[in-house]
Amino acid sequence: MKKAYAINAGLVLTLFAVITLLFHLGILNRFHNGLILLVCINIILAVSLNLSAGFLGQLVLGHAAFMAVGAYAAAIFSKYITGSEIGLSGTPLLIVALILGGLAAAVAGIIIGVPALRLRGDYIAIITLGFGLIVQSLINYFRTYTGGAQGLLGIPRLTNFNNAYFIVVITVLVLVCLIRSRHGRAMIAIREDEIAAEASGISTVYYKILGFTVSAFFAGVAGGLYAHYLAMLDSRAFGFSYSIELLVIVVLGGLGSFTGAIVAAVVLTLLPEILREFQQYRMLVYAIMLIAMMIFRPKGLMGTYEFSVFGIFDKCKKVFVKFKRKGAQ
Amino acid sequence: MFEMFVSHLINGLQIGSIYALIALGYTMVYGIVKLINFAHGDVIMVGAFIILFLVTGAGIPFIPAVLTAMAGCALLGVLMEKIAYKPLRNATRLSALITAIGVSLFLQNAFLVRFSPNPRPFPRPAISGSLNLFGDVSISYLALVTIVVSAVMMILLHFFVKGTKMGKAMRAVSEDSGAACLMGINVNNTIAVTFAVGSALAAVGSALYASTYPQVEPFMGLQMGLKAFVAAVLGGIGIIPGAMLGGILLGIVESMTKAYISTQLSDAVVYGILIIVLLLKPSGLMGKTTGEKV
Amino acid sequence: MPLLEAKGMGVDFGGLRALSDFEIAIEPNELVGLIGPNGAGKTTAFNLLTGVYAPTEGVILLEGKNIAGKKPYRINNMGIARTFQNIRLFKGLSVIENVKTACHAHMSYGILSGIMRLPKYWREEAAIHKEALELLSVFDMADLADVNAGNLPYGKQRQLEIARALATRPKLLLLDEPAAGMNPSETQLLMDTIQLIRERFGIAILLIEHDMKLVMGICQRMVVLDYGMIIASGKPEEIKNNPRVIEAYLGE
């Protein structure tokens, strides 16, 4: 067990070192830097949406709105701090801002979730959809704080590859460990059969709200990263179509697989950039993929598969044993 | 003051009756297959494009163009059901909902790729002038036509559902499709007809909507569809009179918010009301509460 | 004091009387049968006892505490577990995960210990892993621990549901037609298992069954429902010859 931790930590650090090296060698340039940051942000959004949609089984159509709440809260805070006498700057300021953004989104999650999650069925989809539109409408209305339709400008540029990478790692780690605890089992049980979960002694309302809130929290963190990467915010970026794009990522990767969500987030963020001419057809292809996936592979490409070093090791061993046995015959 | 109020009320009624007409499509489909057909809003867009091409491209008069659009949308509705929704009839609600979102995205982006995002002017019929009601209050003939056409459509639908054999079959399938099937009702046909009728009504809705806001573009169905859907949920999804009530109520609330509170807040108020209604009465204003059977 | 005592329990659904004046008292470690024709209100009684519906009237005392109208998970935490007539397993999870999920309430590590994997997490997870395997071996299912629950054969699914209910460490276990859809030899095996569970775990069991003969052999007492009312209760031999019971089962 301890060995698995060491190997995973090693892999994470190696990937970090490799990318850093590529930057130093000039193989990756500023354009790539921006792309990688977008990938990081989308990974956080995808894994957090997967918590509510994939593991908890609640269709959330307003994930981008939680991101928006986090983004604006974090940006307004760090703008204020930067303009004040308080000597907080750089990554420490970013971390405080992200936590604040996350908490703001979590509070929004509780406000929406506490009443909505008591109801069964499709209501959470409808209510989160409505919530997304309300958030946009409020951002435009309170323009003294948010910049309204002109956008919020002058946000300190604090996000860089170094801090974004480790924030992604921490997010994934927290969510994976949460899901693999008794609390995570309770959430998965709700997805599988809510009535049976309740009859097995699990407070379904509590765990639905918990999962939903944690999911909103990390969406808020991603929003904060986004704000401090672009240095400006525009409410239109957080519309219904972004929420749907995130849903596409999670559905494609596998509802209930963090590995799938991460892979899909990387691929679907990079693909349109690599295939520029593809841009025009991107959403059309997404639409066809969504329908085809639901009809032919409703569990996503990865299903509930999770990558693990030992899993691969085990598989190799099995194949090897089989091979040896065949050889012996 | 009072005259202003009445004219806002008429505006609300005008847009509300279009909401109601489109909400019917959502509610009928939900009632029968328990699916939120997210693509219904985009049927409006397709309908508007059909009318646009028939009138400006082929020079066909407006009314026959609308009738053709009704047929075209009905066909689109049936195709949508057969290709995307039918294979998923026994899948989880989540899968079906995601598919519906997929169909909606597909229609929007197929039209975007083919016809560009630029809005085109809609060849609205030349209904101008207005009827003086009393004092300074008048109602435009367009508003009058919109309200009357919507009302006639809803009355026709009411008789269709209550009075005809097909209507009876629809009600039977929505109660219990298994039992309906055993009674010799062709469930597949009934579902197809439901989609067709709902989509044809959406085509009428699109003619009225585009005559009021004469612009046609690939995403025009999104906002309209969402509002109509809210109307359906507000009245109680699955209940036909509920959709009418919800639509008109929503139209009036929206028009009043725009007039007396703030244009930017109108979305927040509309969806805020939706959330509050769902919390207080989850099954909508006219709905009955039902729990899951254990 | 009886373990469970329901007094004057009744419920209407929109004016329809589904159950009225239901009375039952179950002693610790007793095996009681609840029988009656289809639609008599047996499952409704279960749903009231386990909190799925709140009774319109009456009290339900579990060890002297009123549980009427409490949430299902609270009632489960207080000591009543159940199975369902139409099996409700966590089909996408493995057999052992199904059982572990039901151990939820008697684990105590918090969310932070879970995320940070503090020693308490490892200790408790190891303990329930062992407990779950032991429980599965009672049903001869330890070797199926990693199989997907949805892929089990029907009879095994029923047994797993019982194992999952037992994992919540109940004082009273409610079984809703556990033999439904089984052939005679499977049914006999199941009845033996039920006896075994009662002895081994020292719990009381309330068993719904509409086949009267089946439960006669193993129940110490029986309650007969018809049209939402209790028409008889007592020892199996008394029930067997009760004219009202015979009438309910055979009709006029």
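This is a predicted model: local features need pLDDT of at least 70, side-chain atom pairs count only at pLDDT 80 or more; totals for chains, interfaces and linings use all residues.
The domain assignment divides chain C into domain 1, made up of residues 1-79 and 170-252, and domain 2, residues 90-167. Between the C-alpha centres of domain 1 and domain 2 of chain C the distance is 27 Å. Domain 1 of chain C contributes 17 residues to the contact, and domain 2 of chain C contributes 11 residues. The two domains of chain C bury about 1,100 Å² between them, with carbon and sulfur atoms giving 75% of this area. There are 0 salt bridges between domain 1 and domain 2 of chain C, while 2 residue pairs across their interface are in polar contact. On the side of domain 1 of chain C that touches domain 2 of chain C, β7 (172-176) and α7 (184-201) each supply at least two residues. The largest share of that side, 6 residues, is from α7(C). By residue class, the side of domain 1 of chain C that touches domain 2 of chain C consists of 11 nonpolar, 3 polar and 3 charged residues.

C:T168 is placed in the loop between α6 (154-167) and β7 of chain C. C:T168 has a relative accessibility of 10% and therefore counts as buried. A polar atom of the C:T168 side chain lies 2.7 Å from the backbone oxygen of C:A165. Apart from neighbours within four places in sequence, the contacts of C:T168 are with C:N76, C:A81, C:A102 and C:H106, and with A:S200 of chain A.

Also in chain C, helix α1 (residues 42-49) is mostly covered, with 8 of its 8 residues buried. The buried residues of α1(C) include C:K42 and C:N47, as well as C:F46, C:L48 and C:L49.

The contact between chain B and chain A involves 41 residues of chain B and 40 residues of chain A. The size of an interface is often given as the accessible area lost when the parts come together. For chain B and chain A, the buried area is about 3,500 Å², and carbon and sulfur atoms give 82% of it. Of the area that chain B buries against chain A, 16% is supplied by B:I98, B:V113 and B:Q264, more than by any other three residues. The interface of chain B and chain A has 0 salt bridges and 3 residue pairs in polar contact. Helices α3 (62-85), α4 (93-115), α9 (220-235) and α11 (266-280) of chain B each give two or more residues to the side of chain B that touches chain A. The largest share, 14 residues, comes from α4(B). The side of chain B that touches chain A divides into 29 nonpolar, 9 polar and 3 charged residues.

Within chain B, B:H8 is part of helix α1 (residues 2-33). Because its relative accessibility is 15%, B:H8 counts as buried. The C-alpha atoms of B:H8 and B:V253 are 9.8 Å apart in space, although the two residues are 245 residues apart in sequence. Leaving out residues up to four places away in sequence, B:H8 touches B:S255, B:M256, B:A259 and B:Y260.

Over all chains, the structure holds 16 salt bridges. In chain A, A:E245 pairs with A:R282 in a salt bridge whose closest N and O atoms are 3.0 Å apart. A:E245 belongs to helix α11 (residues 240-253) and A:R282 to helix α13 (residues 282-296) of chain A, so this pair ties together parts 37 residues apart in sequence. A:E245 and A:R282 are both buried.

In chain B, a salt bridge is formed by B:E81 and B:R89, with a distance of 2.5 Å between the closest N and O atoms. B:E81 is buried at 1% relative accessibility, whereas B:R89 is partly exposed, with a relative accessible area of 31%.

In chain C, C:D176 and C:R82 form a salt bridge with the closest N and O atoms 3.9 Å apart. This pair links distant parts of the chain, as C:D176 is in strand β7 and C:R82 in strand β6 (residues 80-82), 94 residues apart. Both C:D176 and C:R82 are buried. Elsewhere, B:K227, B:E254 and B:D267 are joined into one network by salt bridges that share partners.

Note on methods: Residues are numbered from 1 along each chain as its sequence is written. Chains are lettered from A and ligands numbered from 1 in the order in which they are written. Side-chain values use heavy atoms; hydrogens and water are left out. Domain bounds come from an automatic or database domain assignment. Contact means heavy atoms within 4.5 Å. Buried area is the accessible area (1.4 Å probe) that two parts lose on being put together, summed over both. A salt bridge is a side-chain nitrogen of Lys or Arg within 4 Å of a carboxyl oxygen of Asp or Glu. A polar contact is a pair of N or O atoms within 3.5 Å; within protein, one must be able to donate a hydrogen and the other to accept it, and residues adjacent in sequence count only if both atoms are side-chain atoms. Helices (H or I, at least four residues) and strands (E, at least two) are DSSP runs, numbered from the N terminus. Ala, Val, Leu, Ile, Met, Phe, Trp, Tyr, Cys and Pro count as nonpolar, Asp, Glu, Lys and Arg as charged, and the others, Gly among them, as polar. Buried means under 20% relative accessible area, exposed over 50%, partly exposed in between (1.4 Å probe, protein chains only).
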